[in-house]
Amino acid sequence: MKFVHQSGVLHLLVLCILFTILAIFIVMTGTFGPGIWQDFDPYKKYGKWPTILMYIMRLLTLVPLPLSICNFLGIVMFNTFPEKPKVKSSTLFGPFLCFRVVTRGTFPELVRKNVSRNIAICSELGLDNYIFEVVTDTAINLTKSSRTREVVVPAQYQSANGCLYKARALQYCLEDSVNVLSDNDWIIHLDEETLLTESCVIGIINFIKEGLYSFGQGVITYANEEIVNWITTIADLVRVGVDYGIIRYTLKYLHKPLFSWKGSYVVANVAAEKKITFDFGSEGSIAEDCFFALSAWREGYKFGFIEGEMWEKSTFSLMDFIRQRKRWVQGIIMVLLSRQIPARNKFGISVMVLSWLVMPITVPNLVLVPLYPLPMPNIINFLCGFMGGVMLFLFVFGAVKSFNYRRTGLLKFLFLCICPILLMPVCIVMETCGVTWALISRKQGGFHIVKKETTPSRIEV
């Protein structure tokens, strides 16, 4: 009861921060200021064509408005500090769980270490019906036990529709000659570096026991334990905010992957996954997670949100960060252009792609707006302030949820919460570089694998 009360207070504080940031941004845009619309002529001051160009650039800023609205609703409608999930039934009985890790075999020691650590988490909770299945292109010699299974994808394997990369490995697991799971079992998809927590395992168990949805997903944080690259980690804080915003709103309220979802922390019923498959051909092999989610939505499956977070690492270098974003953009554009997905299921990714397309045009507004102010209708100023405030809040909120003041100390915690404000322009430029590279590339660059193993000399937070 005490924690529930504390949870509510913390959520109210978060809402206070949100509305304070929104108020500051809306006031800064001139929404409630003196009307300069009548007595300021930008055409005389800047010239006709520069003024028209700047107006176009300002108005294109509104393209991602649906994203901002859904993020706002996800934060406001649901408690941002939910009570830690508790097991609602025995962990000794129930459906069989398969934690599936897909890897090329590039980082065998990382995979072995994380599998051992994740098994320990499951054992501590008394979980009994589970196995960790590592699907790899190259054998990693996983220690044999009743809790592990290593599946090596043959080099000559080809699916019926010729899917590639991670989708190919995932599809291989669904082949009748390889699959050992029954239709009532569940698969939890993890990346190589994904670490389970007690809360996410409990959340998964409760989600499955409720039996309401065929697919689910929860929050992933990126600033736990060892920080390899502070800039990319701070840039990824917005992803934590988006998990609590868009992902939570669309899965918990709409029960649809309106704006797609992530490729890990995917909880799927085996029968449903086998019906959808990952055999989408080459066009669904770069962003196989997005293609899968929209295909499942097309077939009428419902999605739910899972309480409890998993841990991952941000990319270790700025170049890997940019390459990762490039792959995401190119992959989702391929999904958007695919005829396999009906137009009615593409609204969300259409907004995302349009937002990316205008990003190289709108980002210069960070400099142009203060240097070359333009008279705008109050509603436009309000919406621009709203969008800017939501974006900054997601970074700050991501820091609040990612860093623990008990571990860092209060002063360092406050500093880390301020860092996203200082570095947000840098983060936006990095994102823009990835988007621009994706748009100007003639060919998609394949499935780039980022570095994921650290060295013992790295300094922990």
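This is a predicted model: local features need pLDDT of at least 70, side-chain atom pairs count only at pLDDT 80 or more; totals for chains, interfaces and linings use all residues.
Reader: Leaving aside neighbours within four places in sequence, which residues is Phe40 in contact with?

Author: Phe40 is in contact with Lys45, Tyr46, Pro373, Leu374 and Pro375, where contact means heavy atoms within 4.5 Å. Residues are numbered from 1 along each chain as its sequence is written, and side-chain values use heavy atoms, with hydrogens and water left out.

Reader: How far apart are Phe40 and Pro375 in sequence and in space?

Author: They sit 335 residues apart in sequence and 7.1 Å apart in space, C-alpha to C-alpha. Phe40 itself is in the loop between helix H1 (2–28) and H2; helices here are DSSP runs of H or I with at least four residues, numbered from the N terminus.

Reader: Why is Phe40 called partly exposed?

Author: Buried means under 20% relative accessible area, exposed over 50%, and partly exposed in between (1.4 Å probe, protein chains only). Phe40 has 21%, so partly exposed is the label.

Reader: And why does Thr250 count as buried?

Author: Its relative accessible area is 0%, so Thr250 is buried. Thr250 belongs to helix H9 (residues 237–254) and, not counting residues up to four places away in sequence, touches His255, Lys256, Leu258 and Phe259.

Reader: What makes the buried residues of H3 line one face of the helix?

Author: The buried ones are Thr51, Met54, Tyr55, Met57 and Arg58. Seen down the axis of H3, they fall within an arc of 165°, so they line one face; the arc is that of the directions from the helix axis to the C-beta atoms. On the other side of H3, Lys48 and Trp49 are exposed. The cover over the buried residues includes helix H2 (42–46), H13 and helix H14 (365–371).

Reader: Which residues make the nonpolar surface patch?

Author: Leu354, Leu357, Leu439 and Ile440 make it, at about 360 Å². Patch residues have over 30% relative accessible area and no salt bridge; nonpolar side chains (Val, Leu, Ile, Met, Phe, Trp, Tyr) are joined within 5 Å, like charges within 9 Å. A salt bridge is a side-chain nitrogen of Lys or Arg within 4 Å of a carboxyl oxygen of Asp or Glu, and areas come from the Shrake-Rupley method with a 1.4 Å probe.

Reader: Why does Leu439 count as partly exposed?

Author: Leu439 has 31% relative accessibility, so partly exposed is the class.

Technical notes
Helices (H or I, at least four residues) and strands (E, at least two) are DSSP runs, numbered from the N terminus.
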